[in-house]
Amino acid sequence: MRASKRGAPRPPFMLGEPFVADEYIERLVWRTPGGGSRGGPEAFDPKRLLEEFINHIQELQIMDERIQRKVEKLEQQCQKEAKEFARKVQELQKSNQVAFQHFQELDEHISYVATKVCHLGDQLEGVNTPRQRAVEAQKLMKYFNEFLDGELKSDVFTNSEKIKEAADIIQKLHLIAQELPFDRFSEVKSKIASKYHDLECQLIQEFTSAQRRGEISRMREVAAVLLHFKGYSHCVDVYIKQCQEGAYMRNDIFEDAAILCQRVNKQVGDIFSNPETVLAKLIQNVFEIKLQGFVKDQLEECRKSDAEQYLKNLYDLYTRTTNLSSKLMEFNLGTDKQTFLSKLIKSIFISYLENYIEVETGYLKSRSAMILQRYYDSKNHQKRSIGTGGIQDLKERIRQRTNLPLGPSIDTHGETFLSQEVVVNLLQETKQAFERCHRLSDPSDLPRNAFRIFTILVEFLCIEHIDYALETGLAGIPSSDSRNANLYFLDVVQQANTIFHLFDKQFNDHLMPLISSSPKLSECLQKKKEIIEQMEMKLDTGIDRTLNCMIGQMKHILAAEQKKTDFKPEDENNVLIQYTNACVKVCAYVRKQVEKIKNSMDGKNVDTVLMELGIPMVLHLFDTLHALCNLLVVAPDNLKQVCSGEQLANLDKNILHSFVQLRADYRSARLARHFS
């Protein structure tokens with residue numbers, strides 16, 4: 001054990017620190033001579049250290065006994081104090097019970113006294129109330145006598161500053177006079193009624209003056225007095241009338257009305273006891289007088305003369321009125337303000353909305369017809385009637401199956417009679433009609449009205465314009481045996497496809513939201529499907545006939561340009577000719593038509609038409625034929641390389657050999673060796 005260099009050990013309870021045995025022993029060893037490491041191993045004396053330990057153990061035992069006695073003394077003292085504290089607590093509890101009992105007695109006494117006081121108050125009130133009524137009745141009788149005598153002497157009637165008290169008295173006298181028999185008290189009843197009317201007029205005049213001065217408190221006082229008079233409603237009317245003086249100074253009456261109602265809404269609660277009723281009456285006055293007059297002036301002047309302007313004005317005015325109504329919804333107008341405002345709007349526009357759809361459809365028809373006629377006039381074209389019925393259908397079927405020239409074709413001079421400008425104008429007019437229909441139609445009539453607009457669009461866009469162009473284009477397709485025929489039907493196909501995409505977009509964007517939850521949806525979809533099928537049928541017919549014309553034109557080129565001597569030149573030594581003139585013209589014609597087909601259609605339609613024309617196979621055959629023809633003109637040294645080329649690698653060698661045998665130098669150049 002190593003001796004520490006700290007001081008001598010002390011009892012831990014003397015130090016006020018926790019007792020640490022190791023530290024205590026270290027200090028003891030360090031203090032004992034010969035017990036530590038001082039002086040080296042030779043100076044260490046275990047016996048002396050043992051004696052020191054024994055002495056200290058005895059001292060600790062003595063100290064422990066002393067501390068134990070002190071602890072026992074403190075415990076005895078604590079027990080004594082605890083008993084004393086418990087005794088005091090018991091005494092306090094007894095005192096508290098006595099105090100609580102006294103409190104209950106006091107509470108019962110207070111309740112008894114309060115009951116007596118209330119009873120006494122009721123008795124005093126029972127005595128005082130009849131006395132007050134008697135006094136008031138005496139005063140009323142006094143005032144009634146003044147009216148009976150015909151001379152008003154009381155200060156309350158002669159002093160203008162006491163108009164409030166006079167109004168209260170005359171209102172009560174007026175009620176009493178109504179119960180009196182007319183034959184005996186007709187004169188006094190007339191005088192009271194006259195005074196009642198005069199005071200009422202004075203109060204209304206005072207209210208008017210206070211409103212002009214902007215004295216809200218005075219207006220509130222007068223309105224409270226007039227509340228019990230018959231002329232209270234007239235007071236409200238005066239307030240509403242004066243509120244609107246100078247309120248309509250802008251060009252926008254709807255904005256003026258909104259600002260007016262916002263201003264009154266902040267003020268009316270400080271004046272009237274029923275502010276929601278007064279505000280509702282103001283709004284009703286604004287709608288039925290100001291707005292209705294303004295709407296009538298705007299619509300009546302163009303109702304019969306200009307349908308377009310009439311519809312635009314009706315849509316604009318109705319929209320602005322409903323927007324104003326939405327702003328007014330935030331005010332307190334009573335229980336069912338939505339119904340209240342809807343009725344006001346309906347009262348203004350009912351006469352215009354009843355026949356709205358008739359005006360809309362009539363205008364849309366005339367406008368659409370004018371747009372189409374203006375376009376045809378610009379083309380100097382007189383629309384011809386398209387034949388319909390069994391004979392025309394029979395002719396069309398015969399033409400499709402036999403390509404017989406049943407009647408002369410029409411020369412359209414390259415005109416498709418389709419115009420995107422016309423289409424955009426028609427769609428724009430219809431879009432505006434759908435928007436007006438959505439806003440102005442009753443919800444129950446909306447799907448039916450939207451369907452009527454859609455049928456007009458179908459009539460003028462799909463039938464009168466697109467279908468007419470298809471019929472005219474079909475009539476302009478020449479017969480398959482025509483020479484130098486100009487084929488413009490593919491241009492019709494391209495423009496019709498573009499136009500129908502626009503038509504379909506408007507159908508989805510503007511019509512579908514109006515009919516999506518009604519039975520009219522299936523009718524519109526069916527009508528659209530029928531239109532598509534009719535147009536696709538005519539497009540297919542026109543494309544088939546156009547392809548037949550292309551094939552006929554290619555036959556004509558080959559018949560006119562192909563010569564028997566093309567593959568056997570007069571000079572057998574001249575083998576530089578790669579292809580014939582007929583081949584050049586046919587290939588050029590085919591490339592031109594293929595490019596036109598690709599530009600006129602999109603998607604799989606291009607592949608379908610080209611497949612129907614046979615272009616992929618024809619091109620492959622032309623490539624193979626071209627390679628076979630090359631066998632007739634290539635140099636003998638290159639013949640083997642050409643035979644193994646991509647176009648000829650899959651052909652039978654006998655076929656290649658038969659073509660090479662046609663060469664003039666077959667024997668001289670010994671070309672048979674390439675096929676042995």
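A nonpolar core is here a set of buried Ala, Val, Leu, Ile, Met, Phe, Trp, Tyr and Cys residues joined through side-chain atoms within 4.5 Å, where buried means under 20% relative accessible area and exposed over 50% (1.4 Å probe, protein chains only). The model is predicted, with local features needing pLDDT of at least 70 and side-chain atom pairs counting only at pLDDT 80 or more, while totals for chains, interfaces and linings use all residues. Residues are numbered from 1 along each chain as its sequence is written, and side-chain values use heavy atoms, with hydrogens and water left out.

**View 1. Tyr-239 in the largest nonpolar core.** Of the 123 residues in this core, Tyr-239 and Phe-272 touch the most other members.

**View 2. Asn-449 in helix 16.** Asn-449 is buried, with a relative accessible area of 8%, and its side chain makes a polar contact (here a donor and acceptor pair of N or O atoms within 3.5 Å) with the side chain of Ser-441 at 3.0 Å.

View 3. The buried residues of helix 19 include Val-586, Tyr-589, Val-590 and Ile-597. Seen down the helix axis, the buried residues fall within an arc of 165° (taken from the directions from the axis to the C-beta atoms), so they line one face of helix 19. The face turned away from this buried side carries the exposed residues Arg-591 and Lys-592.

Definitions and conventions
Helix = DSSP H or I, 4+ residues; strand = E, 2+ residues; numbered from the N terminus.
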